[in-house]
Amino acid sequence: MSRPTGRVLTLLELLQSGGIRTVAELADRLGVDGRTVRRYVDHLIDLDVPVEAVRGRYGGYRLGPGYRLPPLMLSDDEALAVLLGLVAGRRAGLMTTADTAGETAAAKIRRVLPERVARRLDTILESLAFTASPGEFATPDAGVLLTIADAVRHRRPVSIRYTDRDGRRSERRLHPYGIVAHSGRWYVTGTDPEIGEDRTFRLDRIADARTLSGSFEAPVGPGPAQRVLSGFATAEYRHQVTLRIHGTVEQIRARLPASVASVDEPAPAAGADPETERWRRVELRAERLDWLPPVLASLDRPFVIERPDELRGLVVAFADRLASYARQA
């Protein structure tokens, strides 16, 4: 590579680091004069790299948006960060159905990695373990994800074709507040304008999304992540459970997080310590009850079961089993 070509690539790397770079700064970094800097900029423009000239006292050059992605100059650590992000995102279920794009992007970077960086990457990957198997979760369609993300940003209603967990298909209208990644899945949360209630939908179950005319106001109150967790805790399931547990919110949340249960948190009396243990009402919904007795036992806090009666029997049976195990020699 000739020295001028090398300097042009160095110029591209400097511009990609962000902000406006003055001609004097670039000339100093490249070891050339201002006229040569301008000639190098012309070379980049000839290669369709979108370099913009900024006039004024603090003017210079910066990269602007172009019709295609220009060549990227990554440092060793930046290349490692991108590759590890692609690997972790794929294993965590945070890719779209166009996951081949992630594979090809990783392959392109790996092909040009210096040997020393490739060895560092292989060392990390050989030492890295994941608790979830790859491909464990369904991934959303890239077009659906982008359409809904644009609707969230511009507060536009959308129409979606949705398949629920029972296989029933329907077309819904939604005022989307935000997109949330939770436990390896993607969700969109918003208001159903027909019933005026918050709804949460899995993105991988949306077959098509269309932006509609009109707009809506941004909601006040909890953010999208908290709305999704609250939706999980109040979803319609077979059993409605109401408990009273003596403890702090932190103690209760250690075993019954916001995605599972709602905890009544009344304002403490004047002068009272908010961390003081006291009786708190806990409500949750569940398709099955057999997982609750071990959870309540692990809380190790006094509790009262208000409903359902079936749960009392399961807790007594669980306690009897534990007692019989403890009595065995």
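Biologist: Is R120 buried, exposed or partly exposed?

Modeller: The criterion is relative accessible area: under 20% is buried, over 50% is exposed and anything in between is partly exposed, computed with a 1.4 Å probe on protein chains only. R120 has a value of 40%, so it counts as partly exposed. Across the 329 residues of the chain, 33% are classed as buried. Please note that this is a predicted model, in which local features need pLDDT of at least 70 and side-chain atom pairs count only at pLDDT 80 or more, whereas totals for chains, interfaces and linings use all residues. Residues are numbered from 1 along each chain as its sequence is written, and side-chain values use heavy atoms, with hydrogens and water left out.

Biologist: With which residue does R120 form a salt bridge?

Modeller: A salt bridge requires a side-chain nitrogen of Lys or Arg within 4 Å of a carboxyl oxygen of Asp or Glu. R120 meets this condition with D77, their closest N and O atoms lying 3.4 Å apart. Helices and strands are DSSP runs numbered from the N terminus, of type H or I with at least four residues for helices, and of type E with at least two for strands. D77 belongs to helix α4 (residues 76–91) and R120 to helix α6 (residues 115–127), so the pair ties together parts 43 residues apart in sequence. D77 is exposed, at 52% relative accessible area.

Biologist: How many salt bridges does the rule give?

Modeller: The count is 16. Another of them joins R168 and D166, at 3.4 Å from N to O. R168 is exposed at 54%, and D166 is exposed at 52%. D290 and R288 also meet in a salt bridge, here at 2.4 Å. D290 is partly exposed at 41%, while R288 is exposed at 54%. Salt bridges with shared partners join D164, D166 and R168 into one network.

Biologist: Let us turn to the strands. What is the strand order in the open sheet of four strands?

Modeller: Two strands are taken as paired if DSSP finds at least two bridges between them. The order here is β9-β10-β8-β11, and the pairing is antiparallel. β9 (261–263) and β11 (303–307) are the edge strands, each pairing on one side only. Angles run from 0 to 180 degrees between N-to-C directions, and axes are lines fitted to C-alpha atoms, for helices over the stretch in contact. From one strand to the next, the twist averages 25 degrees.

Biologist: Which strands does helix α10 touch?

Modeller: Contact means heavy atoms within 4.5 Å. Helix α10 (residues 292–299) packs on the sheet and touches β8, β10 and β11, its direction making about 10 degrees with that of β8. Helix α11 (residues 309–327) packs there as well, touching β8 and β11, and its direction makes about 140 degrees with that of β11.

Biologist: How many bridges join β8 to β10?

Modeller: Nine bridges join β8 (residues 239–247) to β10 (residues 278–286), and the two strands run antiparallel. Within this pairing, L243 has V282 as its bridge partner, and R244 has R281. Four bridges join β8 to β11, again antiparallel, and T242 stands opposite R307 in β11.

Biologist: Which residues touch the most other members of the largest nonpolar core?

Modeller: In soluble globular proteins, nonpolar side chains tend to be buried together. A nonpolar core is a set of buried Ala, Val, Leu, Ile, Met, Phe, Trp, Tyr and Cys residues joined through side-chain atoms within 4.5 Å. The largest one has 19 residues, of which V241, L243, I245, L256, V282, L284 and L311 touch the most other members. Two or more residues come from each of β8, α9 (249–253), β9, β10, α10 and α11, with α10 giving the most, four. Leaving aside residues up to four places away in sequence, L243 touches R280, R281, V282, L296, V304, I305 and L311. A second, separate core has 17 residues, including L12, V32, Y40 and Y61.

Biologist: At what angle do helices α2 and α3 pack?

Modeller: Angles under 35 degrees count as roughly parallel, over 145 as roughly antiparallel, 65 to 115 as roughly perpendicular and the rest as oblique. α2 (residues 23–30) and α3 (residues 34–46) pack at about 90 degrees, with their axes 9 Å apart. They are therefore roughly perpendicular to each other. V23, L26, A27 and L30 of α2 make the contact with G34, V37, R38 and Y40 of α3.
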